[in-house]
Amino acid sequence: MAGRRGALIVLEGVDRAGKSTQGRQLVAALCAAGHRAELLRFPERSTEIGKLLSSYLEKKSELEDHSVHLLFSANRWEHVPSMKEKLSQGVTLVVDRYAFSGVAFTSAKKNFSLDWCKQPDVGLPQPDLILFLQLGLADAATRGEFGRERYEDRAFQERALQSFQQLMGDSTLNWKVVDASRSIEAVHEEIRALSEDAIRSAAQRPLGVLWK
Ligand SMILES: Nc1ncnc2c1ncn2[C@@H]1O[C@H](COP(=O)(O)OP(=O)(O)OP(=O)(O)O)[C@@H](O)[C@H]1O
Ligand SMILES: [Mg+2]
């Protein structure tokens, strides 16, 4: 299948919805089925920008709100060349959080419009599939206490969820809402089938440009 590009598949959802669990299982299942697939996550904490973000999230440092929003976006942009390269080589990328988390979290802060928050990410590679792992905040709470990182509180998560819902109203993007309250295996099976479809259709058309 020379020349076939890989699919860009994004996992989004509130904290503890199962994004990381599902991302790992999805990549393993796709590889076992003979696809080339790799897992990415944002923020990617290993780069210089990623280290600033990690320290901010761990509350070891303070950063101005606009400035940190732009750094989260820059952390995605710094990976765009390698993402495009891999996709064009036929590797499917499964991404644990992307621009949608970036927008949902900053717009949950006071005095940030959704539109302003989206601008820095305009032009990123557009996902072929965005899986929104839907889980009520009460159900998420049964999966363990919040950690000590920034943004891990109920009222903030509530506002972020409202922003996610606004973003999901954009019918130019291929959002699929997945009921994440079911067993890991049931969620995995649905996500795997949706991803196989996305890989098939991505091969037929060029990679899109986000929010343009
Ligand atoms: N379907 C499920 N049913 C019950 N527990 C689950 C399910 N999926 C994941 N979990 C558990 O919930 C916890 C959170 O899962 P995970 O880390 O995958 O979520 P996440 O969306 O990546 O969270 P975060 O946003 O904090 O990174 C883990 O302990 C995981 O084992
Ligand atoms: Mg996670």
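Reader: Is Cys117 buried or exposed?
Author: Cys117 counts as buried because its relative accessibility is 0%, where buried means under 20% relative accessible area, exposed over 50% and partly exposed in between, with a 1.4 Å probe and protein chains only. Please keep in mind that this is a predicted model, in which local features need pLDDT of at least 70 and side-chain atom pairs count only at pLDDT 80 or more, while totals for chains, interfaces and linings use all residues. Residues are numbered from 1 along each chain as its sequence is written, ligands are numbered from 1 in the order in which they are written, and side-chain values use heavy atoms, with hydrogens and water left out.

Reader: And what does Cys31 count as?
Author: Cys31 counts as partly exposed, because its relative accessibility is 37%.

Reader: How many disulfides are there, then?
Author: A search of the whole structure finds 0 disulfides, a disulfide being a pair of cysteine sulfur atoms within 2.5 Å.

Reader: Switching to ligand 1, which backbone atoms does it meet?
Author: A polar backbone atom of Arg16 is 2.9 Å from an oxygen atom of ligand 1, and a polar backbone atom of Gly18 is also 2.9 Å from an oxygen atom of the ligand. On the nitrogen side, a backbone N or O atom of Arg182 lies 2.8 Å from a nitrogen atom of ligand 1.

Reader: What kinds of residues make up the shell around ligand 1?
Author: The shell divides into 6 charged, 4 polar and 3 nonpolar residues.

Terms used. A polar contact is a pair of N or O atoms within 3.5 Å; within protein, one must be able to donate a hydrogen and the other to accept it, and residues adjacent in sequence count only if both atoms are side-chain atoms. Ala, Val, Leu, Ile, Met, Phe, Trp, Tyr, Cys and Pro count as nonpolar, Asp, Glu, Lys and Arg as charged, and the others, Gly among them, as polar.
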